[in-house]
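Here are my notes on this one, written for someone opening it for the first time. Have a look at the model, then read on.

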Amino acid sequence: MTAIEDLYPDRDAVEASYRRHVDAGRVDTWKLAEMQLVMGDREGPRFSDAFTGRWYVNCHCNGGVFNLGHRNPRVIAALREAMDHVDIGNHHLVSVQRAAAAEKLVDSTGGRLPGVVFGTTGGEAIDLAIKAARYATGRDGIVSVEGAFHGHTGLALATGEAKFRDPFRHVVPGFSQVAYNDVDAMDAAIGDDTAAVILEAIPATLGFPMPDPGYLAAVQSWCRDRGVLLIIDEVQTGLGRTGTVWYHEQESIEPDVVVAGKGLGGGIYPIAATLMTDDVHRFTSEQPFSHVSTFGGSELGCVAAAEVLDIVTEPAFLARVREVGERIGDGLAGGPFEIRRRGMLTGLKFDDPNGGMTAMKALFDVGIYSFFAGNDPSVLQFKPSLIVSDDVVGWLIATVRRVLG
Ligand SMILES: Cc1ncc(COP(=O)(O)O)c(C=O)c1O
């Protein structure tokens, strides 16, 4: 691999190129915030800055992409082995790797969701969930939650905030939004033309508000009574983050569709998946070749996903996530914030409306990379990788207490 210094002599040079050709807004924003960072080396729970060599413990993990740490050795070994034999594969054809990864996903739901459609990104998998729900129900309406985030692709974008849609003149009929945890609003929004309700059980970009007791069960029961499908987006909450493979297990609900992304590729190979009931999946037999994704479920991605699923379904792995989560919860208790936590998914909510943003900068300065919640900047998303050692957990707790306390 070409050394970084042979490509760009310093940070200014790579920033200038990035600014000119890739994304000026990102470069300018980080500079203004005095949080310039270019990822260099990476291993396990941390990564370094390419130019200062300074290490940061990754406590955002790209929303879950790095749940298993950076460059997880098991995922790398599986991919190395696979690269001697396979490549992306061909989406038109039957594939051993795709079938095997699909079976593991299905097993992770106890066989309850036996249909799987692979994609490359979470947004694409959400789009497919909405398409399939409309096909299965013959209805158009999609109800989502205000402040939720399901991606920036076509239909996913329509479920989210207007600030991301309006500049792009993105007008798609059939979508409505209601406040999270507002049972009456949800009840009123589900009508005769509703195909599906789509929710993150714990909306990440809204700052991890926890579902009120009975909220999700009530939504499910209205959906069932009215022939409406329930789509649960587990792109951030899934794959072990909350101490169970899927968060919805803890809420005892049985969604018709579950969407997985981010961590599914082990931080190395992009892949996403939409899991569904047979009824929702029937479009694949009734309308052959009606959905195409050239790179969706690439064979290398499926190898990575199969390895990830082997890891995150191990009972000892999940027990460890729960134990570390408890330790983080206990360790941070008493700080000047409300702790919102399930397993190792933690939000720290401050009274200051920009408290999450301020905390992000303060932690950045001491070597912790975390991120505020985009649709509620009073909340800091604090998500270390799930493979974090006891020593690093201890350091994180002590440092957060010292800096934010
Ligand atoms: C909950 C949730 N759903 C869907 C998405 C979209 O995933 P992607 O960016 O891979 O399209 C995201 C991305 O952050 C997300 O957080």
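Which residues of helix α2 (residues 11-21) are buried?

1. First, some housekeeping. This is a predicted model, where local features need pLDDT of at least 70 and side-chain atom pairs count only at pLDDT 80 or more, while totals for chains, interfaces and linings use all residues. Numbering starts from 1 along each chain as its sequence is written, and side-chain values use heavy atoms, with hydrogens and water left out.

2. Arg11, Val14 and Glu15 are buried, meaning under 20% relative accessible area, with exposed being over 50% (1.4 Å probe, protein chains only). Looking down the axis of α2, these buried residues fall within an arc of 100° (taken from the directions from the helix axis to the C-beta atoms), so they line one face of the helix.

3. On the other side of α2 you'll find Asp12, Arg20 and His21 exposed. The cover over the buried residues includes α3 (24-32) and β2 (46-49), counting contact as heavy atoms within 4.5 Å.

4. Asp10 caps the N-terminal end of α2, with a side-chain oxygen 3.3 Å from the backbone nitrogen of Asp12.

5. Now the ligand. A polar side-chain atom of Asp233 sits 2.6 Å from a ligand nitrogen. A ligand oxygen is 2.7 Å from a polar backbone atom of Gly123, and a backbone N or O atom of Gly122 lies 2.8 Å from an oxygen of the ligand.

How values were computed: A polar contact is a pair of N or O atoms within 3.5 Å; within protein, one must be able to donate a hydrogen and the other to accept it, and residues adjacent in sequence count only if both atoms are side-chain atoms. Helices (H or I, at least four residues) and strands (E, at least two) are DSSP runs, numbered from the N terminus.
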